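Welcome! Please take a moment to look over the sequence and the model, and then we can walk through them together.

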Amino acid sequence: MELKMFILVLGLLVGSGSPDIGPNQGKCSDSLDPGPQNQGNHTLTPHSKKNFPVLSFGYDHVRLPFEISLWVLLASLMKLGFHMMPRLSSIVPESCLLIVVGLLVGGLMKLVAEVPPVLESKIFFLYLLPPIILDAGYFMPIRQFTENLGTILMFAVVGTLWNAFFVGGLLYGVCQFEGHRLVNVDLLSCLLFGSIISAVDPVAVLAVFEEIHINELLHILVFGESLLNDAVTVVLYHLFEEFSSVGTITVMDVFLGVVCFLVVSLGGIVVGAIYGLLAAFTSRFTSHTRVIEPLFVFVYSYMAYLSAEVFHLSGIMALIACGAVTRPYVEANISHKSHTTIKYFLKMWSSVSETLIFIFLGVSTVAGPHEWNWIFVVATLILCLVARVLGVVGLTFVINKFRIVKLTSKDQFIIAYGGLRGAIAFSLVYLLNTDHFPKRNMFLTAIITVIFFTVFVQGMTIRPLVDLLAVKKKQETKRSINEEIHTQFLDHLLTGIEGICGHYGHHHWKDKLNRFNKKYVKKCLIAGERSKEPQLIAFYHKMEMKQAIELVESGGGSKLPSAVPSTVSMQNIQPKKPPQDRALPQLSKAREEEIRKILRTNLQKTRQRLRSYNRHTLIADPYEDGWNEILIKRKRMMELEKKISQMNNYLTVPAPAPDSPTIARARLASDPQAWGLKSLTESIPTIKVDLASPQSPESFNMVDEIGKKGSQPKVSEEEDGLTMKVPSTTKLRKDKTANEDDDKEPQQRLMRCLSDPGPAGEEDDEDEPFLH
């Protein structure tokens, strides 16, 4: 109303008329031309002449761009004001505040009898969504995404299918109860609604997760799920929409639906990769026109999205693939200024689109037609939460059996709690035809309720819950050359281990892809010597440029960036080239031949390079069986020694008679455990050993071993040395008692049988030790 009054006042100030704006505007001077045509038809008088308009007003032909600019300006001002209040931004997420602003703007437009604009699906999918997805795909951490691709696909495909059928099936059961005015809702409509409401929204996830700074693993799992479930949502949406008009479903339709999912997902990836390669190839020839370098990135990416939408493929997956393929090659070709332009323009474009989406959600809530049903809305909200929790817990139980780094209970809670819904579900429901889906307005109301609950309740409480559970957050650290070297070393090490084991894991295929990329793709898509530059050198140049920019921004512009010493020396990476004018020493022919002869004689031959091998191509070792026998024998010996150590001090063989040849062996006379100090018989040979040098052969005095009784000398008790003689079985106890009572004896003699310690009948002395 105020706008109309403002236009009326301007019209009164300007004048009663204004020139027409149209294709004949340039011919207005013909009416003032006093030519023969006009003179014959009209007579100009001073009363019919109009005054020349100093200021004219025409709003209709600029209405659309003017209103778009006003909405963008309003969104930017709201975003600016939100970040000027840090206390509010620490409590309320930005998306919540923008929805509230949209609700207020829609309410004011209702009060002045204006129709609030509705977020049309065409505007959302063609103009607002692509910048956000392109920004996410272009700057996505490829390494973390590929390492967790299996987990992401499980949540995106299996989890979305579970949520769709669980919510849709149980909602159909709720609708069958009488008295709720929901009996006419069929099963296909409930399944279609379940497929729309089950998908996690990437816009809402980005808006919330970037503010709480969650760790990289959880962020890539939830955000990757929200990106890749687009293919499942698109297929289920078109499938159930088509089946609802037909009414019957056959087995062939289900099979075609599975094939359609593969075509939609893989087709979107192929389309995006093709446009990404085209963008990289085009950037190879832009060295003379640096100004248009960022334009190719934006245009090729948008063309990939539109081309995928033409064939009803996944436009989101096409943008993700295009951004991921384009970045490494384009950044090697374009200048640093173009790289900065691409970075900040994408961030600005995606931020404005995200802001407009949430504002229009609030405005559309006020403007859109609604049909409220308590039973359906509450059942939808509860089933969405239950399905999300059960799906995450069940899939994580299966996933953890194959993951090295397991997902903990805290991780599962954050993944389940971070499943936010957003504008994609709202736009998909808005596209439904009321002829085939008479309950579209009820679906729209239920989806808006779920969006508000997830954004306001879960989005506002996820930050304090992360702090309460002490979930690991993202650590902003700068990568260094040392980290890059160790990362590449571990990649090569794991690839080698997989090759030796014969297991072709993701490290093996990643290494194959890197070799193919380095050998063929880089040479075609990267211009100049940068195509042959090692990855470590490229990372070094990027780090040097970043350090120089930080130096200039920090106020250190008085020093040239090239004059500042680098934190990483290039000399450690590139070896010094020897001087060209260095002369080699001259050697004579004889000296060379002598050196070659020495080398051939004394040095081993250089080992030839072996082929890569695995466990299936290893040659059998001829000594393997012999080595196994040695190991078996060693094991048996160890078991035998263990058994012997557990036995008693004496052997278990029975003791022979005292007069037998076995017992008549030499003994050590100085053994305190000997059974006697004097020999029982004089006919047994005796060996005297000198204690000073028992190992010398001169210390052994051999006595006549076949002598008779009369010719054998007697050994005195006071003699020093070791006497080997036969113990007496009758005087064992007496001699032992005598040795204990005799304190004047200078040295006790050790008397012990070397082979048999004595008779086994004496059990009283078994527990006594050998040596005192």
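Is C322 buried or exposed? C322 is buried, because its relative accessible area is 0%, and anything under 20% counts as buried. Keep in mind as you look around that this is a predicted model. Another cysteine to find is C260, which is partly exposed, with a relative accessible area of 34%.

Now step back to the whole protein. Its secondary structure consists of 25 helices and three strands. The protein has 772 residues, and 37% of them count as buried. Taking contacts between residues at least 6 apart in sequence, 81% join residues at least 24 apart.

Next, let us visit a pair of helices. Two packed helices are described by the angle between their axes and the distance between the axes. Here, α18 covers residues 423-430 and α19 covers residues 440-469; they pack at an angle of about 175°, and their axes are 10 Å apart. Angles over 145 degrees count as roughly antiparallel, so α18 is roughly antiparallel to α19. Which residues make the contact between α18 and α19? On the α18 side they are A425, F426, V429 and Y430, while α19 brings R440, F443, L444, I447, I448 and I451.

H213 sits in the loop between α10 (202-212) and α11 (216-246). Its phi is near 55°, a positive value in a residue other than glycine. H213 is partly exposed, because its relative accessible area is 44%, and partly exposed residues lie between the 20% limit for buried and the 50% limit for exposed. The other histidine, H312, is found in the loop between α13 (293-310) and α14 (315-333). For H312, too, phi is near 55°, which is a positive value in a residue other than glycine.

Terms used. Residues numbered from 1 in each chain as written. Predicted model: local features only at pLDDT ≥ 70, side-chain atom pairs only at ≥ 80, totals over all residues. Heavy atoms only, no water. Axes fitted to C-alpha atoms, helices over the stretch in contact; angles between N-to-C directions. Helix = DSSP H or I, 4+ residues; strand = E, 2+ residues; numbered from the N terminus. Parallel < 35°, antiparallel > 145°, perpendicular 65-115°, else oblique. Contact = heavy atoms within 4.5 Å. Buried < 20%, exposed > 50% of the residue type's maximum accessible area, 1.4 Å probe, protein only.
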